[in-house]
Amino acid sequence: MRVRRRSGVVAATAIIMSLPLLCGALTGCDDGGAQPGPTLRSGSTEPSAPKAQLTFGVYGPKDETSEFQGVVDSFNAQSAESRVRLHTWSSHGAMMADLRSGGGPASHLPDIFMASRSDLRWLQGKHLTQPVDELLDERGIDFGDGYSRDALEAFSADNRLQCMPYSISPMVIYYNTRLVDFAKMRARGLSAPDPASSSPRWTFDQFTAAAQFATRPRKGTRGVYIAPTLTGLAPFIYSGGGKIFDDESAPTTLAFSDDSTQGALQRTLPLLRDPHVTLTQDQLAKASPMQWFERGRLGMIAGYRSMVPALRQVPGLSFDVMPMPTLDSWSTVGDISGLCLSARAASTPEAADFLVQASSAKSVGRVVRSGYLVPANLEAASSDDFLQPGRLPEHAAVFNSSVRTLHLNPLIDSGPQLEQAVSGSLQDLLNVPVLDLPALGEQIDAESRSVLAPGGASDSPTPSGG
C-alpha cells in the first residue's frame, strides 16, 4: 500500500522549511489494510537476508511503557526483515543520565528512541541523530494536516525534521470540582467560565475568584498553588505580554528585569503571593502540592497530562481541567517528545520502517490509552483512545485546544542548571514578606547569566528584600 502523493510535491527539505502539516497518511499505516497507507519495506514474506536486530528505547512509568511492547510485537509480527527489542527507562531523567554517562553516549543509544525537545540540541551536538524527513518521504508519507505546526517546529532544526513528533503535553490547570464549583460561583454573582464550551477559556480575574472561592479556612483548604519555577511562572508572564529570555533563539540572560515581564508579574503576584489563598511554607513542609490536591485540600494546581493516571486512583477525588488563565493572550508551556533515529542505527531503512508504524494513529492510540500522553498525531488526539469519555477529566479536549497556544522556549542544553541557579530567587519572588520586584528581577537575571553566558561580564546580584 502506498499513499498517493500530491502532484508537484517538493523535496522534503523544502517542505520542512515551509513547515506545512504532516498528513493523516501516518494514521492509516497500521490499520490492517482498511485504508490506503504508506508502504513498509519489510512487508515481503519472501526469504531475505538475516534480520536486522533493532532496539527501541522509551521512558515513562511501567504501565505506559508496557503498551509500547504491544507496538513492538505488532511490528515484529509483520516484518520479515528485522526484529525490534524494547528498552525502557523509568523516566526521562534516567534516560538522559544513561546517555550522558561514561563510555560514550553512542554505546547506549537505541536505534529508535524517544527524546524530549529539550534534548535536541545536545543530541545534535553529539551527532547522535539523523533527520527523518527524507526517510518518511521515501516511504510514501505525504505532507498535509496530520500534525500541528508547533509539533513540527519543535523538532525542526537546520531546515530538516530531526525527529517524528510523538506527544505534546501543554500545562493546564487541574481543579477539584467540589471546591471550585463554577455553577455555584455564577449563582452567587461571581464571574466564572463554562468548562463545557467548545473552547473554554478564563481570565486571570476569574482564576483569582475561583482560588478565593475554593479557600475555606475553617476546613483548612487553599485555593491554588503555582510552583516558583521558570516553568511554573512562564505561562503567566507570556500571557501578560512579558518574556522569559532576552532572545528566543540564542538567549544570554533571563528577562525578569524587563519592563514587560515586570508588568506581567505585578498583575500576577498579588494572587500567587497571597498567604491566605496559596499553600504556606509550613503546609509545603508537611506535604507536597500534589498530596494536598489528592487529599481534597487544594482547589487548583498546574500540571500536565501525566498526572491523570495517579489522580484517577484517588478514592473520592473529583477533578477536571481548564486551560491556563489569560491576562492579555492565551499562552502556555509544555513538553514535546519525539521519536528519533540514531545516526548509528544498525539498519536505517528498517529503523525508518518501524518509525512509520510506531507513529501511526493506531499505534499511538494504543499507548495513549494508558492516560499519560497527549498525542501529537491529530487523529489519535481526537479519538476516544485519548479523550476517554466517561473517565476523568471530563473535558480532556482542553489539552488539545491548549496545544495551539504552546510557547516553545529556546533550545538550550542547560535547562536544569538554569532552574537551579535561580531557584532561591524565584522562591523569594513568591515568599519574601516585603518584595522589591525591580531589584529581585535584576538579581534573577544576573544569576541566569552564570549559566546562559558563562565567562561574560561579571554581574553582582542585588540581595533581595527580606
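These legends walk through several close-up views of a predicted model.

**View 1. A salt bridge between Glu134 and Arg160.** Welcome to the charged pairs of this structure, which holds nine salt bridges. In this one, Glu134 pairs with Arg160, and their closest N and O atoms are 3.8 Å apart. Glu134 belongs to helix α5 (residues 133–138) and Arg160 to strand β6 (residues 160–161), so the contact ties together parts that are 26 residues apart in sequence. With a relative accessible area of 38%, Glu134 is partly exposed. Look also for Asp133, which is linked with Glu134 and Arg160 in a network of salt bridges.

**View 2. A salt bridge between Arg139 and Glu138.** Side chains of opposite charge can pair when their charged atoms come close. Here the closest N and O atoms of Arg139 and Glu138 are 3.5 Å apart. Arg139 is buried, and its relative accessible area is 4%.

**View 3. A salt bridge between Arg267 and Asp328.** The closest N and O atoms of this pair are 3.0 Å apart. Distant parts of the chain are linked here: Arg267 sits in helix α10 (residues 259–272), while Asp328 sits in the loop between β11 (319–322) and β12 (334–342), 61 residues apart. Arg267 is partly exposed, at 39% relative accessibility. Asp328, by contrast, counts as exposed because its relative accessibility is 54%, and the cut-off for exposed is over 50%.

**View 4. The rings of Phe68 and Tyr166.** Now we turn to aromatic side chains, for which the count comes to 13 pairs. The ring centres of Phe68 and Tyr166 are 5.9 Å apart and the planes meet at 35°, so this pair is tilted.

**View 5. The rings of Trp202 and Phe207.** With centres 5.4 Å apart and planes at 80°, the rings of Trp202 and Phe207 make an edge-to-face pair. Trp202 is buried, with a relative accessible area of 1%, and Phe207 is buried too, at 0% relative accessibility.

**View 6. Arg295 over the ring of Trp292.** This view brings a charged residue and an aromatic one together. Arg295 lies over the face of Trp292, at 5.4 Å from the ring centre.

**View 7. Strand β3 and its covered faces.** Strand β3 spans residues 112–116, and five of its five residues are buried. In a regular strand the side chains alternate between the two faces of the sheet. To follow this here, find Ile112, Met114 and Ser116 on one side of β3, then Phe113 and Ala115 on the other; all are buried, and both faces are covered.

**View 8. The strands paired with β3.** Which strands can you trace beside β3? Strand β1 (residues 52–59) runs parallel to β3 and is joined to it by two bridges. One place to look is Phe56, whose bridge partner in β3 is Ile112. Strand β12 pairs with β3 in the antiparallel sense, over five bridges. There, Ala115 has Gly338 of β12 as its bridge partner.

Notes: Residues numbered from 1 in each chain as written. Predicted model: local features only at pLDDT ≥ 70, side-chain atom pairs only at ≥ 80, totals over all residues. Heavy atoms only, no water. Salt bridge = Lys/Arg side-chain N within 4 Å of Asp/Glu carboxyl O. Helix = DSSP H or I, 4+ residues; strand = E, 2+ residues; numbered from the N terminus. Buried < 20%, exposed > 50% of the residue type's maximum accessible area, 1.4 Å probe, protein only. Phe/Tyr/Trp six-rings, centres within 6.5 Å; stacked < 30°, edge-to-face > 60°. Lys NZ or Arg CZ within 6 Å of the ring centre and 35° of its normal. Pairing = 2+ DSSP bridges.
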